[in-house]
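Reader: I have a protein model open and would like to learn how to read it. Can we take one feature at a time?

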Amino acid sequence: MSAIIDSFIAPPCHDDIQILCQDEHLLLIDKPSGLLSLSGKNPQNLDSVHYRLVQTFPGCTLVHRLDFGTSGLMVVARNKAINAALCQQFSQRSVEKVYSALLCGHVENDEGIIDAPIAKDPALFPLMSICAINGKPARSRYRVVERFYQGTGLPLTRVILTPETGRTHQLRIHCQQLGHPILGCDLYGGLEAPGAEETPRLMLHASELNFIHPVSGEPVNARHAAPF
């Protein structure tokens, strides 16, 4: 098996993490685009959501991650017991995650399902691939919000994406599979359309997060609109 070598060096992120809600058990935050969720092995990739938060909230741990370029809602546990309880909800797929995105081109159907298994391939790292033989099941739903033109005529579609599974790069590769990559996605074709090459970020934002508070038992329905 080929060894995976990660040569990525994250550029400095000058945007702050916004704490939307907090109690003694957990934090709800808005992660800025361009910030790692966890620090990398390379010392140049020290800055991250976890690195910043642990300075103020010692003992906090991440329950899930967002890609470097993705912005939006994350829930952070403030102790190990809360982490375990939230992780159980994620593993049981009882947590609902909803994303907002801009896709290249005009998506034909108003809604649909992308059902395509995703596999890791060390030879292609960091890319994932669609593979019916070795891939793990992956399923995403999409719903069109609007179709419009940007700038000098770049056709775009604003969509709501709901992943039913949680594979690495799932939404990015599924949108590519749909034929409409996420605008600004450097790995899966989101910078290739004429007029898309100057896009400043990945146009993907975690806009909704629904789960059960592990202590109160009350539903938490978090919303945070996309900045694009």
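Author: Let us start with a proline. P126 sits in the loop between strand 7 (118-120) and strand 8 (128-130). Keep in mind that this is a predicted model.

Reader: What is the peptide bond from F125 to P126, cis or trans?

Author: The general idea comes before the case. Most residues other than glycine have a negative phi, and most peptide bonds are trans. The bond from F125 to P126 is cis, and its omega is near 10 degrees.

Reader: Is R93 buried or exposed? And is H169 buried or exposed?

Author: Relative accessibility decides, with buried meaning under 20% and exposed over 50%. R93 has 52% relative accessibility, so it counts as exposed. H169 has 12%, so it counts as buried.

Reader: Which residues of helix 3 are buried?

Author: Helix 3 covers residues 170-178, and its buried residues are Q170, L171, R172, I173, H174 and C175. After helix 3 comes G179, with a positive phi near 95 degrees.

Reader: How many cavities of 30 Å³ or more does the structure hold?

Author: Rolling a probe the size of a water molecule over the atoms shows where empty space is left. Here the structure holds one cavity of 30 Å³ or more. The largest cavity contains about 40 Å³ of space.

Reader: Which residues line the largest cavity?

Author: The lining is made of H64, L66, L73, K97, V98, Y99, A206, E208 and L209. At least two lining residues come from each of strand 5 (96-104) and strand 11 (204-212). By type, the lining has six nonpolar residues, one polar and two charged.

Reader: How many helices and strands does the whole protein have?

Author: The protein has three helices and twelve strands. Its radius of gyration is 18 Å, close to the 17 Å that the globule rule gives for 228 residues, so the protein is as compact as a globular protein of that length. Of those 228 residues, 46% count as buried.

Reader: What share of contacts between residues at least 6 apart in sequence join residues at least 24 apart?

Author: In this protein the share is 60%.

Notes:
Residues are numbered from 1 along each chain as its sequence is written. This is a predicted model: local features need pLDDT of at least 70, side-chain atom pairs count only at pLDDT 80 or more; totals for chains, interfaces and linings use all residues. Side-chain values use heavy atoms; hydrogens and water are left out. On a 1 Å grid over the protein atoms alone, a cavity is a set of points where a 1.4 Å probe fits but cannot get out, and a pocket is an open set with protein on both sides within 12 Å along at least five of seven lines; lining residues have an atom within 4 Å of a point. Grid points are joined across faces, edges and corners, and a volume is the space filled by probe spheres set on the points. Helices (H or I, at least four residues) and strands (E, at least two) are DSSP runs, numbered from the N terminus. Ala, Val, Leu, Ile, Met, Phe, Trp, Tyr, Cys and Pro count as nonpolar, Asp, Glu, Lys and Arg as charged, and the others, Gly among them, as polar. The radius of gyration is taken over C-alpha atoms; the globule rule is 2.2 Å times the number of residues to the power 0.38. Buried means under 20% relative accessible area, exposed over 50%, partly exposed in between (1.4 Å probe, protein chains only). Contact means heavy atoms within 4.5 Å.
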